Amino acid sequence: MNNKYSAEPFRIKMVEPIKETTRAEREMLLKNAGYNPFSLKSEDVYIDLLTDSGTGAMSQEQWSAMILGDEAYAGSKSFYKLDAVVKNITGYKYMMPVHQGRGAEQVFLPQLVTKPGMVYISNIHFDTTRAHVELAGARAIDSVIKECFIMDHYHPFKGNFDLEKLESIILEKGADHVAGIIMTLTNNSAGGQPVSMENIKAVRKIALKYNIKTIIDGARYAENAYFIKQREKGYENKAIIDIAREMCSYADAFLMSAKKDGLVNMGGLIVINDDEALFNKCKERAIPYEGFPTYGGMNGRDIEAMAVGLMEALDERYLKYRIDQVRYLGDRLREAGIPIQYPIGGHAVFVDCKQVAPHIPPHQFPALAVCNALYLEAGIRAVEIGSLLMGRDPDTHENVPTEMEYMRLTIPRRVYTYRHMDVIADAMIHVYEHRNELKGYEFVYEPPMLRHFTATFKIKD
Ligand SMILES: Cc1ncc(COP(=O)(O)O)c(C=O)c1O
């Protein structure tokens, strides 16, 4: 769709007022939150860019479908509607809903961990994925291309696997110690960067050679498919759903947080290609954790909304609007000289805080410092994706060294307008111009796992 005069492909029918606060109020609110933006009340946030997860606006079709939601325990009509949609998109045989992405992880990931000393390999594990790998008794190893860490270097598919490294990890660990290969599409932690079909295919080839299962972490699979259509030769004229189906054809399982490309506020999926025994094991584990496999922690209304949302997220006009809006924000920052992950990813703009605040060492969390400065400046809440999020090595308890010190400006789907993007850009440019005044943080409280969610801090003198 290349219409010369195109804006948001929707009209706004319902609005939620947002509050403005003074700088003095924000200083107090942030202090009371232990300098951790996760602990702010959302009503004290003017523009909320913490996450794109479950924060999108639903369409009138989704809201009206919700009224059809029936009791969802065993074999409801809502379940069979979702079942048909998911099988149509993935081409897989078995599926069950779960309450969100991490529900899928906690049911599925332990199934392939059959002995001590096993690893999962991913382009980059998302943080909850990493946590569930570790809870399952395995270890998480990342194998993303090195271009991913060169912020200003254009690569159309910066989320790609480093195939040589992937194979060498398999050889080093022994194929029978690799529980699975998780393809994170798009690669959230790398800046919402896509993975090419060529790379997905090559990963599958390596996995088949060593008899290892491949799993898609499909939270943003539709955005990944859109990038393939835009950037990969041979896909220009394919329908997004066909690209998605082809991506799925190279995996054994598809785990999804539907709070992103399912366009719902809550929901997830475990979808299994053709391994019935594996599906049965997932069903057994789902019952005590998520609920009976035809509702998986969800109610009928949310299942209905998900069945509609999954198809809406594959609409090319919607995807164009979505990706263009994120790029607009990124372009404004880049024009002002702010170092960002380039090209701009699917769901967020990632600001390189290693370059913004080189005077703050990793263990004082430079990206947290930038996030907090942006909140103080304009009431905008962003999130740290760096040393704080990476946490500690479960064996050595040392801080995990990481190349990434990002602030993620995550754009919710169908929620904010281009004017909001301008306000974000203006405020961020101001923070950047005063970057020398930024200070680091130290822990007051550090939780043992997933520490970034609930840690508290004080400003380092
Ligand atoms: C790539 C990826 N995988 C898994 C998850 C976990 O999903 P959820 O938040 O629904 O538990 C997320 C959430 O942000 C994600 O981005």
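Two strands count as paired here if DSSP finds at least two bridges between them. The strands themselves (E, at least two residues) and the helices (H or I, at least four residues) are DSSP runs, numbered from the N terminus. With that settled, strand β3 (residues 119-122) pairs with β5 in the parallel sense, over 4 bridges. Keep in mind that this is a predicted model: local features need pLDDT of at least 70, side-chain atom pairs count only at pLDDT 80 or more, and totals for chains, interfaces and linings use all residues. Residue numbers start from 1 along each chain, as its sequence is written.

**Around β5**

- Take I121 and look across to β5: its bridge partner there is I181.
- β5 also pairs with strand β6 (residues 214-217), again in the parallel sense and over 4 bridges.
- For M183, the bridge partner in β6 is I216.
- To get from β5 to β6 the chain goes through helix α7 (residues 197-209), and this β-α-β crossover is right-handed (with the strands pointing away from the viewer, the path from the first strand over the helix to the second runs clockwise).
- Strand β5 (residues 178-184) has 7 of its 7 residues buried, so it is largely enclosed by the rest of the structure. Buried means 20 or more other C-beta atoms within 10 Å of a residue's own, against 12 or fewer for exposed and partly exposed in between, with C-beta atoms placed from the backbone.

**T129**

- T129 sits in helix α5 (residues 127-135).
- T129 is buried, as 27 other C-beta atoms lie within 10 Å.
- Setting aside neighbours within four places in sequence, T129 is in contact with E105, I182 and D217 (contact means C-beta atoms, placed from the backbone, within 7 Å).
- T129 and T184 are 55 residues apart in sequence, and their C-alpha atoms are 9.9 Å apart in space.

**Helix pairs**

- Helix α4 (residues 101-108) packs against helix α10 (residues 276-289) at an angle of about 125 degrees, with the axes 9 Å apart. Axes are lines fitted to C-alpha atoms, for helices over the stretch in contact, and angles run from 0 to 180 degrees between N-to-C directions.
- α4 and α10 are therefore oblique to each other (under 35 degrees counts as roughly parallel, over 145 as roughly antiparallel, 65 to 115 as roughly perpendicular, and the rest as oblique).
- The α4/α10 crossing is right-handed; a crossing is left-handed if the near helix is turned anticlockwise from the far one by less than a right angle, and right-handed if clockwise.
- On the α4 side the contact is made by Q106, V107 and F108, and on the α10 side by C282, R285, A286 and Y289.
- Helix α3 (residues 77-90) and helix α11 (residues 300-312) have axes that come within 9 Å and cross at roughly 25 degrees. That makes α3 roughly parallel to α11.
- The crossing of α3 and α11 is left-handed.
- Residues of α3 that meet α11 include F79, L82, V85 and I89, and among their counterparts in α11 are I303, M306 and L310.

**The open sheet**

- Three strands form an open sheet in the order β9-β12-β11, with antiparallel pairing.
- Its edge strands are β9 (348-352) and β11 (383-385), each pairing on one side only.
- Neighbouring strands of this sheet are turned by 35 degrees against each other on average, direction ignored.
- β11 pairs with strand β12 (residues 406-410) over 3 bridges in the antiparallel sense, and the bridge partner of V383 in β12 is R408.
- Helix α14 (residues 366-378) lies across β9, β11 and β12, and runs at about 165 degrees to β11.

How values were computed:
Contact = placed C-beta atoms within 7 Å.
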